[in-house]
Amino acid sequence: MYESILNQPYSLFGQFERLRRELDDVFGVSGLPNSIRSVAPGTFPAINVGRTGSSVEIYAFAPGLDASKIDVTLDRGVLRISGERASGIPIDDPKVQVYTRERGAGSFTRAISLPDDVDPAHVNASYRDGVLQVSVARRESAQPKRITVQ
Amino acid sequence: MSDNKQVTRTGPGAEQEQQRAVLPAVDVFEDASGITLLADMPGVPKEQLELKIEDDALLIEGGVQQPTPDGLEAVYAEVRVPRYRRSFTLSRELDTARIDASLKDGVLTLRIPKQAHAQPRRIAVTSG
């Protein structure tokens, strides 16, 4: 129940939650080292990163994009995902009354530094149900190997 | 004893306690013929989307389902709760029987038309 109150955008409790997070930021409660490219929580698109023995998988939760206009680049171990999202709300229509506007629109970009062992020659990207999945292969030499004991 | 368990499982709100969910971001706007609702639900396939209308309450719920390779180990996660849930209270002049829903690229579009025969009501004022 508390969770649903905290998750309510623009609600009073949501504001408290944000305040708490900002205080954490200022006073360094967590104190953990952060990535130099880390962004504020809630930045579009949200990203999950996973790893298997042979690849690094990046999932960007970016709904409502045109797949052909998503720009994915991999340069010196930094993966960049950028694009633009059109607003779903008709603009300049005086008859339209907008009540809630939470979905962001406009251009976005996110950068993720990948581990050193990725192979930039083997990258696959697919867009499905509003999630962009980028799969980057890891170098053969970095993959786990079974070593036979002589 | 076992009866009690059943009651707690099927009772109202039990489902909500079982599965954590986050609120999807929405846009809501109205024009002359109805209300349009857009909800961001990335990662939810059509089969995992559930729309429910009970009286004047509209519930939107969807589970994230992504194809993942074998042996995937999470390194970093911003989406931690793989479920979206949000409810809205509709008003009487909306025609819940003719709601049109579509899900494309993780965006749910709901079109809720207004009642075609909604009669303007005249309110009589009595004095004294």
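A residue counts as buried when its relative accessible area is under 20%, as exposed when that area is over 50%, and as partly exposed in between. The model discussed here is predicted. Chain A and chain B touch through 40 residues of chain A and 40 residues of chain B. Over all chains there are 16 salt bridges, and the count between chain A and chain B is 6.

**Interface between chain A and chain B**

- About 3,200 Å² is buried between chain A and chain B, and carbon and sulfur atoms give 52% of that area.
- Three residues, Arg51(A), Arg103(A) and Asp129(A), supply 20% of the area that chain A buries against chain B, which is more than any other three residues supply.
- Polar contacts between chain A and chain B come to 20 residue pairs, with both residues at pLDDT 80 or more.
- On chain A, helix H1 (2–7) and strands S1 (46–51), S2 (55–61), S5 (97–101), S7 (118–128) and S8 (131–138) each supply at least two residues of the side that touches chain B.
- S1(A) gives the most to that side of chain A, with 6 residues.
- Sorted by class, the side of chain A that touches chain B has 17 nonpolar, 12 polar and 11 charged residues.

**Strand pairing across the interface**

- S1(A) and strand S5 (residues 73–77) of chain B run antiparallel and are joined by 4 bridges.
- Within S5(B), Tyr76(B) is the bridge partner of Val49(A).

**Salt bridges between the chains**

- Side chains of opposite charge can pair when their charged atoms come close.
- Arg86(B) and Glu102(A) meet in a salt bridge through their side chains, at 2.8 Å from N to O.
- Arg86(B) lies in strand S6 (residues 83–89) of chain B, while Glu102(A) lies in the loop between S5 and strand S6 (106–113) of chain A, so the pair joins two chains.
- Arg86(B) counts as buried because its relative accessibility is 8%, and Glu102(A) counts as buried at 17% relative accessibility.
- The side chains of Glu78(B) and Arg110(A) also form a salt bridge, at 2.8 Å from N to O.
- This pair crosses between chains, from Glu78(B) in the loop between S5 and S6 of chain B to Arg110(A) in strand S6 of chain A.
- Glu78(B) has a relative accessibility of 29%, so Glu78(B) counts as partly exposed.
- Arg110(A) is buried, with a relative accessible area of 7%.
- Asp40(B) forms a salt bridge with Arg85(A), and their closest N and O atoms are 2.8 Å apart.
- A network of salt bridges links Arg85(A), Arg103(A), Asp27(B) and Asp40(B). Arg103(A) is also one of the three residues named above for the area that chain A buries against chain B.

**A salt bridge within chain B**

- The side chains of Arg85(B) and Glu61(B) meet in a salt bridge, at 3.4 Å from N to O.
- Arg85(B) in strand S6 of chain B and Glu61(B) in strand S4 (residues 57–63) of chain B are 24 residues apart, and the pair links distant parts of the chain.
- Both Arg85(B) and Glu61(B) are buried.

**Backbone geometry**

- Most residues other than glycine have a negative phi, and most peptide bonds are trans.
- The peptide bond from Phe44(A) to Pro45(A) is cis, with omega near -10°.
- Pro45(A) sits in the loop between helix H2 (12–27) and S1 of chain A.
- Arg76(A) is not a glycine but has a positive phi of about 45°.
- The loop between strand S3 (71–75) and strand S4 (78–85) of chain A holds Arg76(A). Arg76(A) counts as exposed because its relative accessibility is 76%.
- Asp55(B), also not a glycine, has a positive phi of about 55°.
- Asp55(B) is found in the loop between strand S3 (49–54) and S4 of chain B. At 76% relative accessibility, Asp55(B) is classed as exposed.

Conventions:
Residues are numbered from 1 along each chain as its sequence is written. Chains are lettered from A and ligands numbered from 1 in the order in which they are written. This is a predicted model: local features need pLDDT of at least 70, side-chain atom pairs count only at pLDDT 80 or more; totals for chains, interfaces and linings use all residues. Side-chain values use heavy atoms; hydrogens and water are left out. Contact means heavy atoms within 4.5 Å. Buried area is the accessible area (1.4 Å probe) that two parts lose on being put together, summed over both. A salt bridge is a side-chain nitrogen of Lys or Arg within 4 Å of a carboxyl oxygen of Asp or Glu. A polar contact is a pair of N or O atoms within 3.5 Å; within protein, one must be able to donate a hydrogen and the other to accept it, and residues adjacent in sequence count only if both atoms are side-chain atoms. Ala, Val, Leu, Ile, Met, Phe, Trp, Tyr, Cys and Pro count as nonpolar, Asp, Glu, Lys and Arg as charged, and the others, Gly among them, as polar. Two strands pair if DSSP finds at least two bridges between them. Buried means under 20% relative accessible area, exposed over 50%, partly exposed in between (1.4 Å probe, protein chains only).
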